[in-house]
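User: Please take a close look at a single helix in this model. Then set it in context with the rest of the structure.

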2 protein chains.
Amino acid sequence: MSRPLSVALAGLGTVGGGVLKLLRDNADNVAARAGRAIAVTAVSARDRSRDRGVPLSGLRWYDDPVALAADPGVDVVVELIGGSEGPARALAEATIQAGKPLVTANKALLAIHGADLARQAEKRGVTLAFEAAVAGGIPVIKALREGLAGNRITAVAGILNGTCNYILTQMRERGREFAEVLADAQKLGYAEADPSFDIDGVDAAHKLAILAALAFGRPVAFDHVHVEGIRRVSALDIAFANELGYRIKLLGIARQTEAGIDTRVHPCMVPQSAPIATVDGVFNAVVAEGDFVGRVMLTGRGAGAGPTASAVAADLIDIARDRRTPVWGAAGAALSSAPSMPMDQHVGCYYLRLMVVDRPGVIADVTAILRDMGISLESMLQRGRSPGEAVPVVLVTHETQEGAMRQALAMIGKLPTVMEEPTLIRIEVS
Amino acid sequence: MSRPLSVALAGLGTVGGGVLKLLRDNADNVAARAGRAIAVTAVSARDRSRDRGVPLSGLRWYDDPVALAADPGVDVVVELIGGSEGPARALAEATIQAGKPLVTANKALLAIHGADLARQAEKRGVTLAFEAAVAGGIPVIKALREGLAGNRITAVAGILNGTCNYILTQMRERGREFAEVLADAQKLGYAEADPSFDIDGVDAAHKLAILAALAFGRPVAFDHVHVEGIRRVSALDIAFANELGYRIKLLGIARQTEAGIDTRVHPCMVPQSAPIATVDGVFNAVVAEGDFVGRVMLTGRGAGAGPTASAVAADLIDIARDRRTPVWGAAGAALSSAPSMPMDQHVGCYYLRLMVVDRPGVIADVTAILRDMGISLESMLQRGRSPGEAVPVVLVTHETQEGAMRQALAMIGKLPTVMEEPTLIRIEVS
């Protein structure tokens, strides 16, 4: 066996503690798989005194995480600080510039600066590994970048945010409203005190941007992802979805179309019989479609100390074995420059829920607008009567273009008989 | 880019044709992912004249596949001949002895001679790759051997034979008997003319033996797998399963227990709400449980030209990139020598269906035997009355040991009021 791989760990929160624990508890197993021992020798964290349940004596401590990169006793740096800027970004750049492999769980950093970091890593000939950045312990980066590498990937989609999936599952199972379930999720620690990163879809969009880059072999392009969160999904929509044979899931979807690569994160109605519809609670799922392999789905826990540590350990074992893969699956010169598709060119079916005054002629006004925009209806549902008051009306369209749908929606929203901003949820049948 | 990787292909049936097609259709993509072109330059197949839908001119043809290994223009050999002996085995050994990497889709070869081949490969320092041998295009070998390598795997289980899963799904959906569905499956090409390899569980057992070796990091031990097929599952059992809240699936299960590693293939009752219960038709699924990652499930197509070619291509890309992993995840010296658990020590719940004469006292005789063997009952079902004739009785036990259950079964089978050999199906709740 070779000498141990010496690891520096920046960030000793829940995940950092998990990595320390895994490398200690499973040391023999990891050494057998890696062909050599893997040992944390240096760390950086704000609080030196906090009990992390793992002895930290004998480790070199740094107040400035960036200093880890320069430590001559460090072979590889694991960045678990988080955030796309500040110390995380500075450490990533310093590590690459020092010619050392970088392992990171930081999806924001990769989504926003990944293209640049990948170029730097290629130039310096170092590994940039990030299995932990998407879908926790599910080995989806490896699956896309290596396991399915013989395929042209036509689409990749997934449930990429456990907080949103937990909230939507609770809303469905308990028939409760978004705000109530969110408050409970915060109490249970399933949602952050400031939950906007999760519930507004930003976290899922970071992950989708990374998956799309791997699937289509092009540099990550977070700016091109269309992002909507789940704040506007109501208990009413979940009940209607059920009636129509759907489940509401926050999906990230990247698809190769004739007009370019369509990347979007938003609530979707998926058929109850679709495998992804059965993935509930904090679980994540990723579905990839390849021209030879067909459809492959991977499910598991998308967050937490254990799953994330599992992903970090896999990256470290790859580095210990010197198994190398270019960041986006191909060398920079061989990457695709496929264009992104603007969202207004997206084509699909739509669920539209309006709160309208319950009186004759209202539906006629709405359907006239849809007709004028060339949008044809598959079905219309009105449940409950309450003359003179607001009642929900649901319209399901046939395939239409997002641009036309958006225009129709703006006009419908201005009708005096429409009482609230309309809710639009895209239907994903394939 | 380096010079092309020169591939020899032994066997040009459905899968061989698929590999040729993938490497031709996706040549650019594969070259980008592999860092170099991958080209088939030599082939061996019995019939030179058959149209395989892919031009074969310019390739070096060999009548004897073993000769491929010695061709100095060949960098890597892909063995798609099949069978654990004869030319497949001879070619595998010749390739390794020639110091060339071997890619194979041959689960029988690996299950039976894998321990020996792995030793030879390690000695010669060559890669033995077999992503295509288990679960078709689902990258499960890579997931277990690399993606989850930081974990102690506590269990791996799966639907590993698409033919059996198709037959069981059709029986359930159409309420039909095994023999009828098998005959239809044979007409449709989903089952072989001689289906015994599939329906008797042997194919699934080969795959399970390989998965268990990877999961637990020990040399493959096919002889230790307990194997039962699906011939004895009747439409009646499927109807009872439904009533009890289960689905019947042929599972391969390998689990670390205190008494050793329990590896078994047999029909199982799984709760309808279990994710694996929803994997129907020709689809395969593999569930792995790791101490840090928790439970991860991978699903997709487990057979066919496209999925298998996808797996072979992934192995070739790994070889082109020189990404190396020991056959069972660790070097020979670091492999586990964990013992196997004999099947009679297995502990679980059992479904027992008897055909008994419908008269008073019959159930009392049966339950007395179970009581004497220390087996306690969770429930008993008898549907339909037909005095003096054979009627089905279903008994569901609490947890008990296989050895006791087998003894009880032998005694119950000898009761004069029990008309047919009892059907026993194990219940898997976790």
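This is a predicted model: local features need pLDDT of at least 70, side-chain atom pairs count only at pLDDT 80 or more; totals for chains, interfaces and linings use all residues.

**Helix H11 of chain B**

Helix H11 of chain B covers residues 235–244, and its buried residues are Asp237(B), Ile238(B), Phe240(B) and Ala241(B). Viewed along the axis of H11(B), these buried residues stay within an arc of 165 degrees, so they line one face of the helix.

H14(B) spans residues 402–414, 13 residues in total. From first C-alpha to last it reaches 19 Å, close to the 18 Å expected at 1.5 Å a residue. Its buried residues are Glu402(B), Met405(B), Ala408(B), Leu409(B) and Ile412(B). They take up an arc of only 120 degrees around the axis, which puts them on the same side of H14(B). What do the buried residues of H14(B) pack against? Their partners, in chain B, are strand E13 (347–357), helix H13 (362–372), strand E16 (400–401) and strand E17 (423–427). The face turned away from the buried side carries Ala410(B) and Lys414(B), both exposed.

**Where chain B meets chain A**

The contact takes 49 residues from chain B and 49 residues from chain A. On chain B, four elements each supply at least two residues of the side that touches chain A: helix H2 (27–34), helix H6 (140–147), strand E12 (294–301) and helix H12 (305–320). By class, that side of chain B has 22 nonpolar, 17 polar and 10 charged residues.

Strand E12 also links the chains by pairing. E12 of chain A (residues 294–301) is joined to E12(B) by three bridges, and the two strands run antiparallel. Leu298(A) has Leu298(B) as its bridge partner in E12(B).

**Chain A as a whole**

Chain A holds 14 helices and 17 strands. Its C-alpha atoms fill a box of roughly 80 × 45 × 35 Å along the principal axes. The radius of gyration of chain A is 24 Å; a compact globule of 430 residues would have one near 22 Å, which agrees. Buried residues make up 56% of the 430 residues. Among contacts in chain A between residues at least 6 apart in sequence, 75% join residues at least 24 apart.

**An open sheet in chain A**

Six strands of chain A form an open sheet with parallel pairing, in the order E3-E2-E1-E4-E5-E6. Strand E3 (60–62) and strand E6 (128–129) stand at the edges; each has a single partner strand, so one side of each is left without a neighbour in the sheet. Strand E5 of chain A (residues 102–104) pairs with E6(A) in the parallel sense over two bridges. In this pairing, Leu102(A) has Leu128(A) as its bridge partner in E6(A).

**One buried loop residue**

Leu160(A) lies in the loop between strand E7 (153–159) and helix H7 (162–174) of chain A. Is Leu160(A) buried or exposed? Leu160(A) counts as buried, because 28 C-beta neighbours fall inside 10 Å, where the cut-off for burial is 20 or more. Its contacts beyond four places in sequence are Val134(A), Ala135(A), Ala204(A), Lys207(A), Leu208(A), Gly252(A) and Asn284(A). Ala285(A) is 125 residues from Leu160(A) along the chain, yet 6.8 Å separates their C-alpha atoms.

Methods
Residues are numbered from 1 along each chain as its sequence is written. Chains are lettered from A and ligands numbered from 1 in the order in which they are written. A residue is buried if 20 or more other C-beta atoms lie within 10 Å of its own, exposed if 12 or fewer, and partly exposed in between; C-beta atoms are placed from the backbone. Two residues are in contact if their C-beta atoms, placed from the backbone, lie within 7 Å. The radius of gyration is taken over C-alpha atoms; the globule rule is 2.2 Å times the number of residues to the power 0.38. Ala, Val, Leu, Ile, Met, Phe, Trp, Tyr, Cys and Pro count as nonpolar, Asp, Glu, Lys and Arg as charged, and the others, Gly among them, as polar. Two strands pair if DSSP finds at least two bridges between them. The expected span of a helix is 1.5 Å times one less than its number of residues. The arc is that of the directions from the helix axis to the C-beta atoms.
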